[in-house]
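Here are my notes on the model you sent over. Have it open while you read.

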Amino acid sequence: MSDSKNSSASHSEDRRDGMVARFLQGTELDTRMLGMLGALALIWVAFHVYGYLSTGQGIFLSARNLWNLSVQTASIGIMATGMVLVIITRNIDLSVGSLIGVIGMLMGVLQVEILPKMVGIGHPSIWIVTVIVGIILGAVLGAFHGWLIAYRGIPSFIVTLGGLMVWRGAAFLVADGKTVAPVDATFALLGGGPYGAVGATGSWIVGVLGCLAIVWILYSGRSARQKHNIRLRPVWGDLVVGALACGTLIGAVLVVNSYPWPKGIVDAYAKANNLTVPPEGLFISHGFAIPVLIMVAVTIIMTILMTRTRFGRYVFAIGGNPEAAALAGIDTRWMTVKIFSLMGLLAGVAAIVSSARLNSATNALGNLDELYVIAAAVIGGTSLAGGVGTIYGAIIGAFIMGSLQTGMVLIGFGDGSYRSIVVGVALVLAVYLDNLYRNYIK
Amino acid sequence: MTNTGTPLVELRDISISFGGIKAVDHVSVNLFAGEVVGLLGHNGAGKSTLIKCLSGAYKADSGEILINGEKAEINNPRDARSYNIETIYQTLALADNLDAASNLFLGREIVGAGGFLDDSAMESETRKILARLNPNFRKFNVPVSALSGGQRQSVAIARAVYFNAKILIMDEPTAALGPQETQMVAELIQELKKQGLGIFLIEHDIHSVMKLCDRAVVMKNGQRVGTVNVDEVTDEDILGMIIMGKKPAKAV
């Protein structure tokens, strides 16, 4: 977003421009993505510096805040990846927040009131059954929306606006508005918290596996191009991309590992495991939180789905020209059902993460989430005109939204009104900058 | 030209109506291998509707379609493709946001191990076929919205040629093209004809019809006015058929 300004400013300096252009060409990095990451970095630094100047301590870029930010972003990020598909195919889903509410409530009742009576409190099957039911429920409700849209010809805006109201009301009726708590202990780990994270060793394993995967992706991409004799990236381009990706991942590992458990949790843990806490205290790292790993897994799966499978190709084709897609033999109606079902499934996953994080199910769970999810997808470059959007963009968009919200709290504007003003302005501004960028690129 | 034996395609007594209006009214047309048959008529005469029954976009209310003398069931575009019927639409039917290779293989992607798309293979095949059809084509990695009309038409034609079309339907293929690109398409039609394809050409321009087609079928108000061998009639005869529905002596 900000790089259009940079490169136009550097037009006079031909040599530097040439180098930037060569760098972008060699690495084939998406300038749009670089712009979004730049905007995110700008937001982070700005909040940090502002906090430092006004209170004497910058806390935004602390390990603790970044860890919390990642956990808070998980639920919106997971749903935003699905919203990308919905918006690419020129639809909208306003019901996801209410789906979280009703699925969260049903899962809450299932694991607190029904399953314990059948298998006993704390039985390991409880969280598994609850998770499976939540995911299936989401997929079924989403498929129902998709069927109304595709086979009954009701616009998606109307179907899901109806869904927004119906499912929120249904969430209230599930337990007559009561809060259902506490959720199953194992289930609660899916929402994060000190125990709901994989620790230092686990994080290093994730980091190393991730780096191996990055190397393998670059290598196999290279050999596929070689096989078909298509222009290769220069070796240095692949090396730079690999180094940046692995560096970011290792950096993330270092950050989450430098955030220790709070003292109370350490003491309780030591007591439970018969450990003696030395006087200077035990340093136990959080590591990656489980909901963040879920978001990462969803992101990877959705990216593969969108870029490497027929399904993803058809989603883009329908968004680009629905008539052409139909004439090419694509069953566009059935695709719509599948896309909304996938969106519902992801709302189910998000319901698991957010009710686990809250350690309870309330009928207000996910209230207004649909707007944040849509905003995240749109900030991430998904075009409401259809046909254009990326999964990673939606995740970056979700982080931008989350950063603005947490940042406002941290610098003392925790009052909801300021927060929503800033987030709203950011949404409009992001789309405006995106328009400028697209015109500039043309 | 002598057309004996079994026609490649025979549309027999096709009718289709929309909301009480007979768009196509008991029309029969046939097409032989290595032949170009022009379909002419006013806007709304029913030529596009008739041909969409063959391409699978519409289903006829009555009548039957025979391919090589055998009855064919065509209910959707996929069925049509299985009979090697390829269509190049007036609106080009390309997804603007996808690149040339994705459009060429849309609905028939090359998949590798594990069912994942093999984009490199598709791009490589696209480069080969387009090198043959339009050697000046270079823009392989941009969405087709960035291409000129002629380049987009090349992609649409490449799609038909790549998948070994036996029956090609072209709905005003040169409507959006400049003179040079129109010439390119004309040469291509001759080339494909030589290879033994049967081509239905929907066209408004009488000169193109006279130049490219072997026979011409004229429609008016959903009905067939007549069929003529183009080398036995004049421009005026055909115009008379289109405008007045007047059947010349040599028409059948």
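What share of the contacts in chain A with a separation of 6 or more comes from residues 24 or more positions apart?

1. It's 78% of them, where contact means C-beta atoms, placed from the backbone, within 7 Å. Bear in mind that this is a predicted model: local features need pLDDT of at least 70, side-chain atom pairs count only at pLDDT 80 or more, and totals for chains, interfaces and linings use all residues. Residues are numbered from 1 along each chain as its sequence is written, with chains lettered from A in the order in which they are written.

2. Chain A has 18 helices and zero strands (DSSP runs: H or I of at least four residues for helices, E of at least two for strands). Its radius of gyration, taken over C-alpha atoms, is 23 Å, close to the 22 Å that the globule rule (2.2 Å times the number of residues to the power 0.38) gives for 442 residues, so chain A is as compact as a globular protein of that length.

3. The largest nonpolar core holds 184 residues. Such a core is a set of buried Ala, Val, Leu, Ile, Met, Phe, Trp, Tyr and Cys residues joined through C-beta atoms within 7 Å; buried means 20 or more other C-beta atoms within 10 Å of the residue's own. Helix α15 (residues 332-358) of chain A gives the most to this core, 15 residues.

4. Now the partner chain: 24 residues of chain A are in contact with 23 of chain B. On the chain A side, α13(A) gives the most, with six residues.

Technical notes. Two residues are in contact if their C-beta atoms, placed from the backbone, lie within 7 Å. A residue is buried if 20 or more other C-beta atoms lie within 10 Å of its own, exposed if 12 or fewer, and partly exposed in between; C-beta atoms are placed from the backbone.
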